[in-house]
Amino acid sequence: GAENVKVTIIDDEDRVCAECLDDWFCYCDECHEYWRSDVIEFFDLEDGRLICEHCMEDLECDEDEED
């Protein structure tokens, strides 16, 4: 609801200020998208990346195919 502040475009409908971005969203280092942190689960990888549950599923599927 703030005016005259820099915003981050999340998708076609959502634009959020820096404060809301920090409070409500996480950035996935794999797909490079912001996701609502109260809706999507995130995982800290051993290499320091933070990834969303969608990318984690893809990584797990890729590992299963390699076996």
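## Glu19 and its helix

Glu19 counts as exposed, with a relative accessibility of 56% (exposed means over 50% relative accessible area, buried under 20%, and partly exposed in between, using a 1.4 Å probe and protein chains only). Glu19 sits in helix H1, residues 18-24.

A word on the model: it is predicted, so local features need pLDDT of at least 70 and side-chain atom pairs count only at pLDDT 80 or more, while totals for chains, interfaces and linings use all residues. Residues are numbered from 1 along each chain as its sequence is written, and side-chain values use heavy atoms, leaving out hydrogens and water.

## Overall layout

The protein has two helices and six strands, arranged along the sequence as β-β-α-β-β-β-β-α. Helices (H or I, at least four residues) and strands (E, at least two) are DSSP runs, numbered from the N terminus.

Of the 67 residues, 18% are buried. The exposed surface comes to about 5,400 Å², and carbon and sulfur atoms supply 43% of it (areas by the Shrake-Rupley method with a 1.4 Å probe; for residues, only the protein chains shown count as cover). Among contacts between residues at least 6 apart in sequence, 9% join residues at least 24 apart; contact here means heavy atoms within 4.5 Å.

## The nonpolar core

Eight residues form the largest nonpolar core: Cys28, Ile40, Phe42, Leu45, Ile51, Cys52, Cys55 and Met56. Strand S6 (50-52) and helix H2 (53-66) are the elements that give two or more residues to this core. Such a core is a set of buried Ala, Val, Leu, Ile, Met, Phe, Trp, Tyr and Cys residues joined through side-chain atoms within 4.5 Å.

Let's follow one member, Ile51. Setting aside neighbours within four places in sequence, Ile51 has contacts that include Cys28, Phe42, Leu45 and Met56, along with Glu30 and Leu59.

## Salt bridges

The whole structure holds three salt bridges (a side-chain nitrogen of Lys or Arg within 4 Å of a carboxyl oxygen of Asp or Glu). Glu30 and Arg49 pair at 2.4 Å, N to O. This pair links distant parts of the chain, 19 residues apart: Glu30 lies in the loop between strands S3 (25-27) and S4 (34-36), and Arg49 in the loop between S5 (42-44) and S6.

Arg49, partly exposed at 26%, also bridges to Asp47 at 2.8 Å. Through shared partners, Glu30, Asp47 and Arg49 join into one network. Asp38 and Arg36 form a bridge at 2.9 Å, N to O.
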